[in-house]
Amino acid sequence: MDYIIKLHEGINSITFGMKPDEIESILGKADENERIDNAEDTETQILRYNGQGLTFFFEGEENLLNCIEICNEDTILFDEYAFDLDEKELLTLLKCNHCTQIEEEKEDWGEKCISFPKENIDFYFEGNDLVSISIGK
């Protein structure tokens with residue numbers, strides 16, 4: 001199944017602002033369901049679908065979807081399979097689609113992160129290979 005990224009909206013029929021049970025009604029029971037206590041007495045719920053390479057993060061009193069991490073070869077961004085592109089090709093695709101505000105940093109664990117803050121999307125690379133995409137509302 002292809003997962004089509006819709007910036008600021010979500011993927012396919014899964015949209016930001018959904019609750020965990022709504023995601024499970026679409027994808028079935030998650031492989032992992034975890035809760036993490038954050039500072040300020042808040043909690044994050046995480047649903048992982050390991051077979052699909054999808055992780056969903058829910059936060060706030062309402063426990064609403066606010067971030068999706070994708071590690072799936074069948075992910076489409078701007079009509080291109082994102083994981084088929086190297087770093088240079090991906091940057092060209094984004095620039096051609098008016099995504100121009102770019103930030104780069106090297107993560108402590110070794111991956112390179114290229115962020116597009118206005119679009120709320122991050123790309124993580126090991127070497128020249130894209131390993132994950134994180135999108136937010």
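User: How do you know whether cysteine 99 counts as buried or exposed?

Analyst: This is a predicted model, so the value is computed from predicted coordinates. The relative accessibility of cysteine 99 is 2%, and buried means under 20%, so cysteine 99 counts as buried.

User: What is cysteine 71 called, and why?

Analyst: Cysteine 71 has a relative accessible area of 40%. Buried would need a value under 20% and exposed a value over 50%, so cysteine 71 is called partly exposed.

User: How do you know how many disulfides the structure holds?

Analyst: The structure holds zero disulfides. For cysteine 71, the nearest cysteine sulfur is that of cysteine 67, 11 Å away, while a disulfide needs two cysteine sulfur atoms within 2.5 Å. The sulfur of cysteine 99 has its closest cysteine sulfur in cysteine 96, at 10 Å, which is too far for a bond.

User: Why is glutamine 45 called buried, and what is it in contact with?

Analyst: Glutamine 45, which lies in strand S5, has a relative accessible area of 5%, and therefore it is buried, since the limit is under 20%. Beyond its neighbours within four places in sequence, glutamine 45 is in contact with several residues, among them Pro20, Arg35, Phe57 and Asn63.

User: What makes the pair of glutamine 45 and asparagine 63 a polar contact?

Analyst: The side chains of glutamine 45 and asparagine 63 come to 2.6 Å from each other, and the cut-off for a polar contact between N or O atoms is 3.5 Å, so the pair is counted as a polar contact.

User: Where does alanine 82 lie, and is it buried or exposed?

Analyst: Alanine 82 lies in the loop between S9 and H2, and its relative accessible area is 0%, so it is buried. Leaving aside neighbours within four places in sequence, its contacts are Thr75, Leu77, Leu130 and Ile133. Alanine 82 is also 78 residues from isoleucine 4 in sequence, with 9.9 Å between their C-alpha atoms.

User: Which residues of helix H2 are buried, and what puts them on the same side?

Analyst: In H2, which covers residues 87–96, the buried residues are Glu87, Leu90, Leu91, Leu93 and Leu94. They cover an arc of only 160 degrees around the axis, and therefore they are on the same side of H2. In general, an α-helix has 3.6 residues a turn, so residues three or four places apart point the same way. On the face of H2 turned away from the buried side are the exposed residues Lys88 and Cys96, whereas the buried residues pack against strands S8, S9, S11, S12 and S13.

User: What makes S4 and S10 the edges of the sheet?

Analyst: The sheet is open and has eight strands in the order S4-S5-S6-S7-S13-S12-S11-S10, with antiparallel pairing. Strands S4 and S10 each have a single partner strand, so one side of each is left without a neighbour in the sheet. Neighbouring strands are turned by 20 degrees against each other on average, direction ignored.

User: How do you know that S11 and S12 pair?

Analyst: Pairing requires at least two bridges, and S11 and S12 have five, in the antiparallel sense. Lysine 112 stands opposite phenylalanine 125 in S12. Helix H2 packs on the sheet by touching S11, S12 and S13, and its direction makes about 5 degrees with that of S11.

Conventions. Residues are numbered from 1 along each chain as its sequence is written. This is a predicted model: local features need pLDDT of at least 70, side-chain atom pairs count only at pLDDT 80 or more; totals for chains, interfaces and linings use all residues. Side-chain values use heavy atoms; hydrogens and water are left out. Buried means under 20% relative accessible area, exposed over 50%, partly exposed in between (1.4 Å probe, protein chains only). Helices (H or I, at least four residues) and strands (E, at least two) are DSSP runs, numbered from the N terminus. The arc is that of the directions from the helix axis to the C-beta atoms. Contact means heavy atoms within 4.5 Å. Axes are lines fitted to C-alpha atoms, for helices over the stretch in contact, and angles run from 0 to 180 degrees between N-to-C directions. A polar contact is a pair of N or O atoms within 3.5 Å; within protein, one must be able to donate a hydrogen and the other to accept it, and residues adjacent in sequence count only if both atoms are side-chain atoms.
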